[in-house]
Amino acid sequence: MGKALDGVRILDFTHVQSGPTCTQLLAWFGADVIKVERPGTGDITRGQLRDIPNVDSLYFTMLNHNKRSITIDSKHPKGKEVLEDLVRVCDVLVENFAPGALDRMGLTWARIQQLNPRMIMASVKGFGPGPYEDCKVYENVAQCAGGAASTTGFDDGPPLVTGAQIGDSGTGLHLALGIVTALYQRNATGRGQKVLAAMQDGVLNLCRVKLRDQQRLAHGVLKEYPQYPHGEFGDAVPRAANASGGGQPGSILKCKGWETDPNAYIYFITQAPVWKEICKVIGREGWITDPDYATPDVRLPRLKEIFATIEQWTMTKTKFEAMEILNQHDIPCGPILSMKELAVEPALRKTGTVVEVDHPTRGKYLTVGNPIKLSDSATEVTASPLLGAHTDEILRDVLRFDDKRVAELQASGALGTAGA
Ligand code: CAO
């Protein structure tokens with residue numbers, strides 16, 4: 001079976017998390033991803049958060065599957081020549097250096113267009129043009145600057161960041177969409193273009209419901225927020241704890257075993273169309289017709305009490321028992337699943353969302369596979385490359401360098417192999 005992006009060649013100048021998640025997705029869709037790394041150390045994450053000495057970290061391996069690695073010193077004159085040769089034969093250059101780093105390597109947009117007018121140059125930056133455009137940014141900075149932190153957490157606590165890497169992996173996803181869109185447009189125009197995904201923009205895009213609420217606030221308090229009816233609303237969207245971000249109120253409720261298991265909870269949504277069912281399941285049939293509970297509007301000021309009552313029921317069941325019963329009645333809910341539980345979830349293994357990969361020096365480990373399933377472009381997750389594992393192969397097969405040229409380059413130190 002062919003792959004959706006067969007024939008697309010990516011010059012992958014990414015590091016850490018945001019850029020690598022993007023190019024990993026493209027690799028899973030069939031692109032040939034050539035990861036350029038600094039000789040000796042490579043992507044800094046290879047050595048970060050290591051669990052096994054001298055073995056590429058899980059941080060690195062889980063973000064760089066299905067790629068090839070070439071080591072090039074981009075500041076060495078001969079290294080620069082190789083990079084320019086690669087620009088000529090690739091379709092997309094992806095990078096997430098600090099602002100200005102690529103220009104300092106000599107790879108300005110003007111130079112790239114000269115070398116290859118069809119080249120798409122895709123970048124992740126912390127901020128778009130504006131006062132912060134020169135700033136370096138990491139995940140949590142983006143979560144804070146993009147509006148996620150100010151709207152996450154409990155009303156009486158500080159802003160909170162979320163474990164979901166919406167700044168890095170979220171922006172990588174945005175960038176991947178920008179790249180395939182630019183590739184599509186290139187079919188018609190024959191020209192490349194620049195693609196920019198700023199992490200602040202990506203996080204704000206994912207927080208758009210909160211900008212919605214900011215504007216609703218001008219017309220009155222937010223009745224589905226836990227601050228209503230007794231708490232205070234200021235002039236900015238408050239933290240909504242575990243309230244649902246949509247039109248159907250929801251909350252996290254304790255289940256059987258919560259006293260000892262930190263994840264014995266369920267998310268419960270009091271969706272209006274199944275209100276009758278909810279009342280029957282929890283034994284409060286009276287609420288079906290009671291004018292204080294019968295409609296969504298009258299329930300809003302009573303949500304705290306309603307969820308506390310439902311919790312009396314969920315606490316008599318494990319989260320899986322509750323899930324089973326509630327789903328028989330089409331009541332939307334979801335167990336709070338730990339990473340331990342997700343790692344052994346058979347359905348996720350079956351679909352390839354969680355896969356076991358064999359790595360040449362690490363052995364077997366678990367990773368998250370491609371979460372996007374294409375019926376005509378299957379994903380096979382292969383190990384991340386060892387540092388520089390494909391340097392020779394790429395010089396010979398992609399750039400068509402002969403033995404003499406490869407030997408000269410190796411001797412020059414541009415590949416970090418001088419004297420090796
Ligand atoms: N050979 C030689 N030098 C290389 C090289 C290679 N193959 N690859 C990179 N370098 C050099 C760069 O040229 C740059 O040098 P100069 O600053 O002297 O020009 C240098 O390595 C460091 O690049 P950097 O500034 O991008 O890296 P950093 O570790 O200082 O900063 C980060 C990391 C992530 C803060 C920054 O890259 C950034 O803000 N990126 C954009 C936003 C982003 O993607 N953030 C998410 C990161 S994941 O949480």
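Biologist: Okay, let's start with R405. Which residue does R405 form a salt bridge with?

Modeller: That would be D85, with the closest N and O atoms 3.5 Å apart. Keep in mind that we're looking at a predicted model.

Biologist: And where do R405 and D85 sit in the chain?

Modeller: In distant parts of it: R405 belongs to helix α18 (residues 403-412) and D85 to helix α3 (residues 77-89), 320 residues apart.

Biologist: Is D85 buried or exposed?

Modeller: D85 counts as buried, because its relative accessibility is 17% and the cut-off for buried is under 20%. R405 is partly exposed, at 34%.

Biologist: How many salt bridges does the structure hold?

Modeller: There are 22 of them. Another one joins the side chains of D213 and R216, at 2.8 Å from N to O.

Biologist: Where do D213 and R216 lie?

Modeller: Both are in helix α9 (residues 208-217), three residues apart, or about one turn of the helix.

Biologist: What about K364, which residue does its side chain meet in a salt bridge?

Modeller: D358, at 3.6 Å from N to O. K364 is exposed, with a relative accessible area of 57%. There's also a network to look at: R9, D32, R68 and E393 are joined by salt bridges that share partners.

Biologist: Switching to helices. At what angle do α7 and α8 cross?

Modeller: Roughly 95°, and their axes come within 9 Å. So α7 is roughly perpendicular to α8. To find them, look at residues 169-189 for α7 and 199-206 for α8.

Biologist: Which residues make that contact?

Modeller: On the α7 side, G170, T171 and H174; on the α8 side, M199, G202, N205 and L206. The residues of that contact split into two nonpolar, five polar and no charged.

Biologist: Now sheets. What is the strand order in the open sheet of three strands?

Modeller: The order is β7-β8-β9, and the pairing is antiparallel. The edges are β7 (250-254) and β9 (333-335), each of which pairs on one side only. On average, neighbouring strands in this sheet are turned by 20° against each other, ignoring direction.

Biologist: How many bridges join β7 to β8?

Modeller: Five, with β8 covering residues 265-269 and the two strands running antiparallel.

Biologist: One last stop, Y59. Which helix is Y59 found in?

Modeller: Y59 is in helix α2, residues 58-61. Y59 counts as partly exposed, at 23% relative accessibility.

Biologist: And what is Y59 in contact with, leaving aside its neighbours within four places in sequence?

Modeller: V16, Q17, T45, Q48 and L49. Take L49: its C-alpha atom is 6.9 Å from that of Y59, and the two residues are 10 apart along the chain.

Biologist: Great, thanks for the tour!

Notes
Residues are numbered from 1 along each chain as its sequence is written. This is a predicted model: local features need pLDDT of at least 70, side-chain atom pairs count only at pLDDT 80 or more; totals for chains, interfaces and linings use all residues. Side-chain values use heavy atoms; hydrogens and water are left out. Axes are lines fitted to C-alpha atoms, for helices over the stretch in contact, and angles run from 0 to 180 degrees between N-to-C directions. Helices (H or I, at least four residues) and strands (E, at least two) are DSSP runs, numbered from the N terminus. Angles under 35 degrees count as roughly parallel, over 145 as roughly antiparallel, 65 to 115 as roughly perpendicular and the rest as oblique. Contact means heavy atoms within 4.5 Å. Ala, Val, Leu, Ile, Met, Phe, Trp, Tyr, Cys and Pro count as nonpolar, Asp, Glu, Lys and Arg as charged, and the others, Gly among them, as polar. A salt bridge is a side-chain nitrogen of Lys or Arg within 4 Å of a carboxyl oxygen of Asp or Glu. Buried means under 20% relative accessible area, exposed over 50%, partly exposed in between (1.4 Å probe, protein chains only). Two strands pair if DSSP finds at least two bridges between them.
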